[in-house]
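Biologist: I'd like to go through this one slowly with you. Could you put it on the screen before we start?

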Amino acid sequence: MSPDALLDRAREAAAHAYAPYSTFPVGCALLLQDGSVVTGCNVENASYGLSMCAERGAISRMIIETGANRPPSDDSAPPRPKIVLAAIAGLKAAPCYPCGACRQVLHEFDCGAIVVEDNETKGPVVIDFADLLPHAFGPADL
Ligand SMILES: [Zn+2]
């Protein structure tokens, strides 16, 4: 799937966002190593701090759909999913970069790159993940 097509999936997910307080809908689409795509949207809460970003919503769905929640001791457990490309789209702002917390959570699943919208052309801008979160702490560091 092309970065532009993945960005379209993120825009579609953003249309489902629950963002009554900020009115800032965001969608995320994750292209996984097996070629599948999972999406998520931001979900806000009256207690603002409990709001959930689109990226982490998509990762929650990824865990459900890949069965990756099973412990490694389970021989039938699938390998930990890997994110090839993560598209993030805000319907009211471009580019819409992931927040610091989401960068860390994306790193947990070996995110290779992100794609966001260019401010003027609305076309895709692909950024290598190492440039987004340099010197990251992750599973390999434990
Ligand atoms: Zn976030």
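**The annotated residues and the sheet**

Biologist: Which residue does the UniProt annotation "active site" cover?
Modeller: In the unreviewed UniProt entry, the annotation "active site" covers Glu55; such positions are given in the numbering used here with feature names shortened, and annotations may be inferred rather than shown by experiment. This is a predicted model, in which local features need pLDDT of at least 70 and side-chain atom pairs count only at pLDDT 80 or more, while totals for chains, interfaces and linings use all residues. Residues are numbered from 1 along each chain as its sequence is written, and side-chain values use heavy atoms, with hydrogens and water left out.

Biologist: Where is the place of Glu55?
Modeller: Glu55 belongs to helix α2, residues 54-66, where helices (H or I, at least four residues) and strands (E, at least two) are DSSP runs numbered from the N terminus.

Biologist: Does Glu55 count as buried or exposed?
Modeller: Glu55 counts as buried because its relative accessibility is 4%; buried means under 20% relative accessible area, exposed over 50%, and partly exposed in between, with a 1.4 Å probe and protein chains only.

Biologist: And what is Glu55 in contact with?
Modeller: Leaving aside neighbours within four places in sequence, Glu55 is in contact with Cys28, Ile88, Pro98, Cys99, Cys102 and Leu106, contact meaning heavy atoms within 4.5 Å.

Biologist: Which residues does the "binding site" annotation cover?
Modeller: The unreviewed UniProt entry gives Cys53, Cys99 and Cys102 as "binding site". They are spread over 50 residues of sequence, yet they cluster in space, with a largest C-alpha distance of 8.4 Å. Cys53 sits in the loop between β2 and α2, and Cys99 in the loop between β3 and α3 (100-108). Cys53 counts as partly exposed at 21% relative accessibility, and Cys99 counts as partly exposed at 33%.

Biologist: New topic: in what order do the five strands form the sheet?
Modeller: The order is β2-β1-β3-β4-β5 in an open sheet with mixed pairing, where two strands pair if DSSP finds at least two bridges between them. At the edges stand β2 (37-41) and β5 (124-128), each with a single partner strand, so one side of each is left without a neighbour in the sheet.

Biologist: What packs on the sheet?
Modeller: Helix α1 (residues 3-14) does, touching β1 (26-32), β2, β3, β4 and β5, and its direction makes about 50 degrees with that of β3; axes are lines fitted to C-alpha atoms, for helices over the stretch in contact, and angles run from 0 to 180 degrees between N-to-C directions.
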